[in-house]
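Here are a few exercises to work through with the model open beside you. Try each task before you read its solution.

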Amino acid sequence: AGEAAPRERVPLEKSVRFWQLAVAATGDEALGLSVARQVRQTTFHALGFAVLASETLEQALQRILRYFCIVSDAAELRLDDTREGLRFSVCTLNGPIQPACESVDALMAVLVDSLRALAGRDFTPANVRLARPEPANSQPFLARFGPQLSFAAERTSLTVRYDDARRPLRYGNEEIAKHNDEILQRALSEQVTDSTANRVRSLLIDQLSAGEPGQEQIAVQLHMSLRQLQRKLQQEETTFRAVLDATRQELAMKHIKQSRYSISEVAWLLGFADSSSFSRSFKRWTRKSPRDWRAENTPSTEA
């Protein structure tokens with residue numbers, strides 16, 4: 001056994017397969033609800049403590065929304081104002097691989113349990129909507145979420161009435177909440193190295209020598225739809241073309257200094273169709289031709 005890697009992510013396809021095998025082995029369509037009972041606030045470390053110290057349910061939901069990406073990147077969350085109250089939504093991926101519905105059941109059950117731990121056991125959401133089909137036995141779901149539950153919804157969501165969302169909580173503690181916010185902010189900063197742009201860059205470095213990969217190809221490898229990939233890059237204030245161009249420029253500066261590569265070989269390594277296309281890009285980056293730049297920046301080997 002190797003060392004534990006607490007921040008390592010299980011690939012989505014493996015997670016889905018695990019849930020499928022677990023449901024098949026147990027015959028339990030409500031397995032996600034059972035799994036949620038094993039989750040404690042301490043399971044999520046600083047996030048759990050920050051949520052527990054929140055002064056209102058609205059603050060708790062905002063913290064979950066802000067820091068959820070530390071826990072998982074298999075879904076996106078939203079918090080919207082509606083006529084009924086604050087609607088907390090789970091927006092699953094649009095790509096070819098979807099999270100198992102049991103994993104979403106578990107997430108919603110953990111969320112409801114957390115809100116009840118904060119507001120009291122008698123807390124009930126205004127409504128709970130699950131996108132999953134209604135199971136053969138819906139009783140465990142109704143018992144967990146209440147009669148306001150509905151299935152086959154357009155989007156999985158939970159709505160908290162405004163009075164409940166903004167009522168001061170008995171054990172709210174701003175100092176403790178802010179302390180854990182600082183820990184979570186550091187975790188977010190460290191996670192920048194695992195940004196979508198960096199993941200795209202890593203794939204490009206591996207594949208450019210086989211020709212320029214398309215956005216669709218990269219999106220599939222990241223288990224995203226093309227639209228989701230574009231949205232994530234936009235959130236990071238970049239685009240696929242910008243990441244591709246920056247990656248090529250970085251590699252060009254590295255390869256062009258190595259005299260063992262001809263200009264045409266560097267163009268091939270960067271996935272350009274021909275040397276002319278590479279030269280035009282290189283001049284845009286440096287205002288010099290590849291040959292001139294190499295001559296000026298490669299140390300002479302003469303004695």
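**Exercise 1.** Work out the handedness of the crossing of helix 9 and helix 12, then decide how their directions relate.

Solution. Start with the crossing: for helix 9 and helix 12 it's right-handed. Keep in mind that you're looking at a predicted model. Next, take the angle, which is about 50° for helix 9 (residues 196-207) packing with helix 12 (residues 240-256). Roughly parallel needs an angle under 35 degrees, and roughly perpendicular runs from 65 to 115. The two helices are therefore oblique to each other. As for spacing, their axes lie 10 Å apart.

**Exercise 2.** Find which residues of helix 9 and helix 12 meet, and sort them by class.

Solution. Go through helix 9 to begin with: it brings A197, V200, R201, L204 and I205 to the contact. On the helix 12 side, you'll find F240, V243, L244, T247, E250 and L251. Now sort them: the contact has eight nonpolar residues, one polar and two charged.

**Exercise 3.** Compare the chain's radius of gyration with that of a compact globule of 303 residues.

Solution. The compact globule would come out near 19 Å, but the chain has 25 Å. Then check the box that the C-alpha atoms fill: along the principal axes, it's roughly 85 × 45 × 45 Å.

**Exercise 4.** How much of the chain is buried, and how many helices and strands does the chain have?

Solution. Buried residues account for 44% of the 303. Counting secondary structure gives 15 helices and five strands.

Technical notes: Residues are numbered from 1 along each chain as its sequence is written. This is a predicted model: local features need pLDDT of at least 70, side-chain atom pairs count only at pLDDT 80 or more; totals for chains, interfaces and linings use all residues. Side-chain values use heavy atoms; hydrogens and water are left out. Axes are lines fitted to C-alpha atoms, for helices over the stretch in contact, and angles run from 0 to 180 degrees between N-to-C directions. Helices (H or I, at least four residues) and strands (E, at least two) are DSSP runs, numbered from the N terminus. Angles under 35 degrees count as roughly parallel, over 145 as roughly antiparallel, 65 to 115 as roughly perpendicular and the rest as oblique. A crossing is left-handed if the near helix is turned anticlockwise from the far one by less than a right angle, and right-handed if clockwise. Contact means heavy atoms within 4.5 Å. Ala, Val, Leu, Ile, Met, Phe, Trp, Tyr, Cys and Pro count as nonpolar, Asp, Glu, Lys and Arg as charged, and the others, Gly among them, as polar. The radius of gyration is taken over C-alpha atoms; the globule rule is 2.2 Å times the number of residues to the power 0.38. Buried means under 20% relative accessible area, exposed over 50%, partly exposed in between (1.4 Å probe, protein chains only).
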